[in-house]
Structure formats: structure tokens, C-alpha cells
Amino acid sequence: MVDVAMPPVPARSRLYALPLCGLGTAQVESMTSYTARLAQAHGLTVRQLVQGEIWPRFAGADQPIGGRHLAASICKDDARALCGVRGWASQWVSVLADLTGRTDLHCASLLPWANVLSHVDLIRGERAWCPDCYQAWHAAGQTLYDPLLWAIQEVLICPQHQRPLVAHCPQADCQRAQPHLTSRARPGRCAYCGAWLGARTGSQPKLSVPDLAWQRWVVERVGELLAHTPRLEARPAAARLAYAATCSLQRLAGGSRYRLARLIGRHESVMETLRGGPQAPSLGTLLRLCYVGGVTLLQFLTETPLRLKPRRMPARPLFQPKIRRQTSHDDQAYRAVLEQALISSAPPSMRAMGRRLKCDPHYLYRRFPELSKAIAHRYLAFRQAEKAKRIEQLRARIRQAVVALQRAGILPSRNRVREYLKPASFWGNQIGYEAWQAAVDELGLAARQP
Ligand SMILES: [Zn+2]
Ligand SMILES: [Zn+2]
């Protein structure tokens, strides 16, 4: 007898079960990078993915976050929270897990360590990357992505290439800092001008020798923690910190809170965060404590009994307490540079002026309101003119394509025009559609939609 029963079909996920890059290693992918790649794999923008698939599945999706709806804000300042330890990063992971059927996505954030890490000073404000890594992956034909390690504020260098991470676009006339996620984010590309971020820039940030040695230790310890996350049996509880803090206090400072705080260059009050206060200690504090105690961060947060091996510390304190430095401003020199900027052929933004003068743009706005506003207006006008120029060029190219296809006896449908224009990167938006429609109408063609 023939068996006509359906073979068992495994459950299907709504979106592709895209694997995380570098899972189980120090180079595990970040949640923002995964979100961008997931959108790309479905031919969507990040915003379309968030608005159409992720956000509607959120509990309390009707609640605006920070005055805006998440779909809009996620593509800007709020994206960094996806890599961190706070509540809605966890909702994000569970929604994406439902959509993709993957159970390992929590490893793309620091959520598994949420009870023992503070969100303060954890994830850097803007995206940072290693151009050499992008270049090497590109040359080897590997997937481009952003490791979670690059998003962590304490990490300043790439462990592979031992070079400082970069945080500004290398394109001379762009140089903008990058948000963690934008609507049209593409791995390895500037969010604003599309420039290749793997390019080497002339001026590279530099670290002093002691800073570099400290950084090597930091990236190794943090990397170890990230690599271990998938094998973590249970999330460390907040009580773990109190245990590790008591061990440290006894073994490293003979019970003196003041001595321990001095050893790690922090204020005495930091001990409260370690002993179960309302707020967990910052990652920087934990790293310093581990260094002084001669253990790894992973041991400090998971090993019982905790065997500290106090390091012999130099007479001069290794970690200096934070001192707020008073910046001195040279207003006369600032004014001269700003006035020059107002007549330069390539109008700079006020943000670029801030970078050039190594000064907060807010200060410049306060001291030179008229001059600053004039520079900002000129920059805005310049950007608008550039945009109009680009749109005009696109319209002309689309019209040209429609005419060329029609002459060749081919119906200039949207798909054929798109094929013809390759590699036109900004086809597919409303402007492209309207330009195509206008060209088709003008030629009196009844071209079918795609
Ligand atoms: Zn690198
Ligand atoms: Zn750029």
C-alpha cells in the first residue's frame, strides 16, 4: 500500500533564519548589525522591517518612545540600546527570535549580563569600526558585519589589527560620525555619503603606549566574555557582584573601601554599586577591579570560589581618578577660522567646525551666534543644492534609459529600466518612480508596471 500521508514538515519562520556572524567567538555580531543584514536579506530598508514586522509585535507598540515612535527613533539615537542591557532590547530579541526561529539572538547583545552590568557608559554613542577588518573581509569575500565588541565603549582598538577603531567617515567632504543604525544602513558603508568605510584615512587616532597595553588587556577580557555567552548556563544574578565585591575588598584592600577605591581610581561610593546598590557598576569599574585582582572578567562574574591573584601595583597609581578638565578657548582664533569657513568654496557644517577646532559646537553657537547660524544656513543650502543636483541627474539617466530601451524595441518597464541602469544605487524610491512615470508618459508609452 502506498503511504500518502504528508511527511512531517518542520515549523516555518516568517523571516529567514539568518545565522549570527561569529557566534561563540569574541567577534560575535551586534544586534544592530544583525537587524541591518536581516533587512537587506529581505530586500527591505531597516525602517520597513521595523515598521512592518518588528514594531507591530512589540507589547505597547502604541506607546511613543522618547516622543517619537520606535520605528522612527530606532533608525537614529535609540538604536544603540539594542546591543545593551535594558528592557526593550530584550523584547527586540524575543520578537526577532519569533520571526526568524533562531534561539541564539540574545548573544548579539549584552542582555545575558544585564544583572551585573550597568547600562551607563556601556554602549558607545556612535558607531565605531576597524577599516582593516572591513577590507580583509571584503578581500576574502566574507560577509561584512559589525562585531558587538566594536559597540562597547571601553573598547578602543581592534583585537585583530591592534589599531584604534575609527568613528568618522573617511570621505574628506563628509567625515560624519555614524549612528548605530539608519534606515538604509549597509554594512561597511557610510550612512550619509555611501563611502567605503574600509578605506584608510590619512590621520589615524593614536593611543599612548600604556593606553595601548591597557586596551589590549581590555579587548581580550571583553572578547572572552562575549565568546562565552552562548555557553552560559544561567544569567549571573545581581548577588554575584556582592560576593565578588566582598572577596575583592578582603583580598585586595584588607577590608578598606577607601583603599580599594583608590586602587581602581574611582570614588569610594563606587563600592555601593558593587554591593547590591540600586545600580550595577559600570563595565569600566569592573575591568579595573579584575585587573587589580589578577582575574579575567569572566572569572570575576562566574567563577566560584573566586580566586583573586592580586597584582603587584606600581607606586604611582595606575588608574588616575577622573578629573573634569577645564578647556581653554581661544576665541580670537575661533572667530578667524569661522569667518574663513563662511567664504570657503566647500561649505562645512558646524559639527565639522567643532571637530576642526577641537571644540564643542554648542560653545561656538553660544560665543558666535550670528557667525555660527550663517555657517549652518550656508551648509544647509549647499546640501539641498547637492541633493537637487543628484535628483536631476537621476531623472536624466532614467529618461535616457527609457528612450534607449524604446529605440531598441524593448518595453521600458520599471524592471527593465532598473536592469539597464545598474548599478544605480538610488533607484526604487518615490523620485525614481516619478521620473520613470514622467519619461514613459512623455514618450506616450503604455508601459506596464514592473
Ligand atoms: Zn581589525
Ligand atoms: Zn560619509
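This is a predicted model: local features need pLDDT of at least 70, side-chain atom pairs count only at pLDDT 80 or more; totals for chains, interfaces and linings use all residues.
Student: Which residues of α13 and α16 meet?

Tutor: On the α13 side they are L338, E339, A341 and L342, and on the α16 side L371, A374, I375 and R378. Sorted by class, this contact of α13 with α16 has 6 nonpolar and 2 charged residues, with no polar ones.

Student: How is the packing of α13 with α14 to be described, and what is the angle there?

Tutor: Helix α14 spans residues 350-357, and α13 and α14 pack at an angle of about 140° with axes 11 Å apart. Roughly antiparallel would require an angle over 145 degrees, and α13 and α14 are therefore oblique to each other. Their crossing is right-handed. Y334, V337, L338 and A341 of α13 meet M353, R356 and L357 of α14. The residues of that contact divide into 6 nonpolar, 1 charged and no polar.

Student: How does the span of α16 stand against the expected value?

Tutor: One sets the distance from the first C-alpha to the last beside the value expected at 1.5 Å a residue. For α16, with 39 residues, the reach is 57 Å, close to the expected 57 Å. Just after α16, G409 adopts a positive phi of about 80°.

Student: Which residues of α16 are buried, and what covers them?

Tutor: Burial is judged from the number of C-beta neighbours. The buried residues of α16 are S372, I375, I398, A401 and V402. Their cover includes α13, α14, α15 (361-367), α17 (414-421) and α18 (430-442).

Student: Is L297 buried or exposed?

Tutor: The count of neighbours decides. A residue is buried if 20 or more other C-beta atoms lie within 10 Å of its own. L297 has 23 C-beta neighbours inside 10 Å and so counts as buried. L297 lies in helix α12 (residues 297-302). Leaving aside residues up to four places away in sequence, L297 touches R221, V222, E224, L225, L286, L287 and C290. L297 and L283 are 14 residues apart in sequence, and their C-alpha atoms are 9.5 Å apart in space.

Student: How are helices α1 and α2 oriented, and which residues make their contact?

Tutor: Again the angle is taken before the contacts. Helix α1 (residues 31-41) and helix α2 (residues 46-54) pack at an angle of about 90°, with axes 8 Å apart. They are therefore roughly perpendicular to each other. T35, A36, L38 and A39 of α1 make the contact with V46, Q48 and L49 of α2. By class, the contact of α1 with α2 has 5 nonpolar and 2 polar residues, and no charged ones.

Student: Where is there a cis peptide bond?

Tutor: The omega angle is the value to inspect. A cis peptide bond joins T304 and P305, with omega about -5°. P305 is placed in the loop between α12 and α13.

Student: What are the phi values of Q162 and K358, and where do these residues lie?

Tutor: Q162 has a phi near 50°, a positive value in a residue other than glycine, and lies in the loop between α6 (148-151) and α7 (209-228). With 14 other C-beta atoms within 10 Å, Q162 is partly exposed. K358, likewise a residue other than glycine, has a positive phi near 50° and is found in the loop between α14 and α15. K358 has 7 C-beta neighbours inside 10 Å and therefore counts as exposed.

Student: How many helices and strands does the protein have, and what share of residues is buried?

Tutor: The protein has 18 helices and 0 strands. Of its 450 residues, 32% are buried. Among contacts with a separation of 6 or more, 67% are between residues 24 or more positions apart.

Key
Residues are numbered from 1 along each chain as its sequence is written. Chains are lettered from A and ligands numbered from 1 in the order in which they are written. Two residues are in contact if their C-beta atoms, placed from the backbone, lie within 7 Å. Helices (H or I, at least four residues) and strands (E, at least two) are DSSP runs, numbered from the N terminus. Ala, Val, Leu, Ile, Met, Phe, Trp, Tyr, Cys and Pro count as nonpolar, Asp, Glu, Lys and Arg as charged, and the others, Gly among them, as polar. A residue is buried if 20 or more other C-beta atoms lie within 10 Å of its own, exposed if 12 or fewer, and partly exposed in between; C-beta atoms are placed from the backbone. Axes are lines fitted to C-alpha atoms, for helices over the stretch in contact, and angles run from 0 to 180 degrees between N-to-C directions. Angles under 35 degrees count as roughly parallel, over 145 as roughly antiparallel, 65 to 115 as roughly perpendicular and the rest as oblique. A crossing is left-handed if the near helix is turned anticlockwise from the far one by less than a right angle, and right-handed if clockwise. The expected span of a helix is 1.5 Å times one less than its number of residues.
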